[in-house]
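Subject: Structure handover

Hello,

Here is the structure I said I would pass on. My notes on the cavities, salt bridges, cores and backbone follow below.

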Amino acid sequence: MTDERPVLVATEADDLTADMVITELNRRGVPVTRFNPADIGAALTVSVQFGSCPAPVAGQLRTPSRTVDLSQVRSVYWRRPVWPAFGHLGPDDARFAAAQTRYGLGGTLYALDGPLWVNHPLHNAAADYKPAQLAVAQRLGLTVPPTLVTNDPHEARAFVGSHDQVIFKTLRWTPYQRDGVPVTGWADPVTATEINESVAVVPHLFQAVVDKVADLRVLVVGREVFAVRIESGTLDWRKDYSALSYRAVDLPGRVEKALLAYLEHFGLVSGSFDLAMDKAGDLWWLELNPNGQWGWLEESTDLPMSAAFADLLTQGVAP
């Protein structure tokens, strides 16, 4: 008997990574409904009842081409959804409308009992705090570079002066412009003389540089682990994708076990880990992106990443 329960894919309009997974689901004949919260009121409708039906949550989510019985959803792929900003409204009305959407649509989806989330947004959010990431990684036996989070300029200068090379990293990626030009937070070297009293305004993250020979991006999907070695010759490989080369590698069993335990700790079923390999071949923890990009890695290595996501979403249960 064919399982007609749908998979929900929440993402923005232009998302090639989600396209790859949806294509794989379509190939398998799995019903898929793609939606974006930003379309509420225009191309997205939600209508749900509580307390008046046998089921605790009874209702529908509708797009121009699909109607979904929310009680039948088997899994939710929470990829890169965009929440509406309601820019056509005044500031107060826009804040009110945005809150009603997050807590109405979002709250309805969170109320569903049964679907597998890849990943649940509340779990993604909990796992997105870098200080917590560093502590959990060390508890699980992963090697963490010396790191300081501080808004004390004196502490920052002392830390930078005590290591051969130190980088500054943002604690959270945030859309940011300077003089109208978008600014991206790369991992940039910093010296003690560059640190001034402005550090006192907010916490900053400073980290000793790993003397690396390569980077690793490790995608975990359920219990499937895909490790890709990235050769770049740069401090931050994200600055120039055209200079990168890739090859699939195997992780040491101890590290693979720790990464799986890491996801379990935060209640995640998928995540993209960044590691650095030093000259001795040892791996250093850098960070986790609970919902990181991976599509270009599948294209570069032929690793079956989208198939692994399709498997997980089709099963609709955590491994």
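Strand S6 (75-78) and strand S17 (270-278) each give at least two residues to the lining of the largest cavity, and S17 has the largest share of that lining, with three residues. Strands (E, at least two residues) and helices (H or I, at least four) are DSSP runs, numbered from the N terminus.

This is a predicted model, in which local features need pLDDT of at least 70 and side-chain atom pairs count only at pLDDT 80 or more, while totals for chains, interfaces and linings use all residues. Residues are numbered from 1 along each chain as its sequence is written, and side-chain values use heavy atoms, with hydrogens and water left out.

Cavities

The search of the whole structure gives two cavities of 30 Å³ or more. A cavity here is a set of points, on a 1 Å grid over the protein atoms alone, where a 1.4 Å probe fits but cannot get out; lining residues have an atom within 4 Å of a point. Grid points are joined across faces, edges and corners, and a volume is the space filled by probe spheres set on the points.

The largest cavity holds about 80 Å³ of space. Its lining has 14 residues, and Asn119, Ser270, Pro290, Asn291 and Phe309 lie nearest the centre. Seven lining residues are nonpolar, seven are polar and none is charged. In this scheme Ala, Val, Leu, Ile, Met, Phe, Trp, Tyr, Cys and Pro are nonpolar, Asp, Glu, Lys and Arg are charged, and the others, Gly among them, are polar.

The second largest cavity holds about 40 Å³. Its lining consists of Lys130, Gln133, Leu134, Lys169, Leu205, Gln207, Trp285, Leu286 and Glu287. Helix H4 (130-139), strand S13 (204-208) and strand S18 (283-289) supply at least two residues each. By class, this lining has four nonpolar, two polar and three charged residues.

Gln207, one of the lining residues of the second largest cavity, is in strand S13 and is buried, at 2% relative accessibility. Buried means under 20% relative accessible area, exposed over 50%, and partly exposed in between (1.4 Å probe, protein chains only). Leaving out residues up to four places away in sequence, Gln207 touches Leu134, Pro145, Pro146, Thr147, Phe159, Gln165, Val166, Ile167, Lys169 and Leu286, where contact means heavy atoms within 4.5 Å.

Salt bridges

There are 15 salt bridges in the whole structure, each being a side-chain nitrogen of Lys or Arg within 4 Å of a carboxyl oxygen of Asp or Glu.

Lys169 and Glu287, both in the lining of the second largest cavity, form one of them, with the closest N and O atoms 3.6 Å apart. Lys169 lies in strand S9 (residues 166-169) and Glu287 in strand S18, so the pair ties together parts that are 118 residues apart in sequence. Lys169 is buried at 11% relative accessibility, and Glu287 at 19%.

Arg79 pairs with Asp15, the closest N and O atoms being 2.9 Å apart. Because Arg79 sits in the loop between S6 and helix H2 (91-111) and Asp15 in the loop between strand S1 (7-10) and helix H1 (16-27), this bridge ties together parts 64 residues apart in sequence. Arg79 is buried at 2%, as is Asp15 at 3%.

Arg217 and Asp274 form a salt bridge with closest N and O atoms 2.6 Å apart. This pair links strand S14 (residues 212-221) to strand S17, 57 residues apart, and both residues are buried. Separately, Glu24, Arg27, Arg28 and Asp311 are linked in a salt-bridge network.

Cores

The largest nonpolar core has 30 residues, and those with the most contacts inside it are Leu25, Tyr77, Val118, Trp294, Met305 and Phe309. Such a core is a set of buried Ala, Val, Leu, Ile, Met, Phe, Trp, Tyr and Cys residues joined through side-chain atoms within 4.5 Å. Helix H8 (305-315) is among the elements giving two or more residues to this core, and H8 gives the most, six. A second, separate core of 27 residues includes Leu260, Phe266, Phe273 and Trp285.

Backbone

The peptide bond from Val118 to Asn119 is cis, with omega near -15°. Asn119 lies in the loop between S7 and helix H3 (121-126). Phe86 has a positive phi, near 55°, and is buried at 17% relative accessibility. Asp302 also has a positive phi, about 65°, but is exposed at 68%.

Regards

Methods. On a 1 Å grid over the protein atoms alone, a cavity is a set of points where a 1.4 Å probe fits but cannot get out, and a pocket is an open set with protein on both sides within 12 Å along at least five of seven lines; lining residues have an atom within 4 Å of a point.
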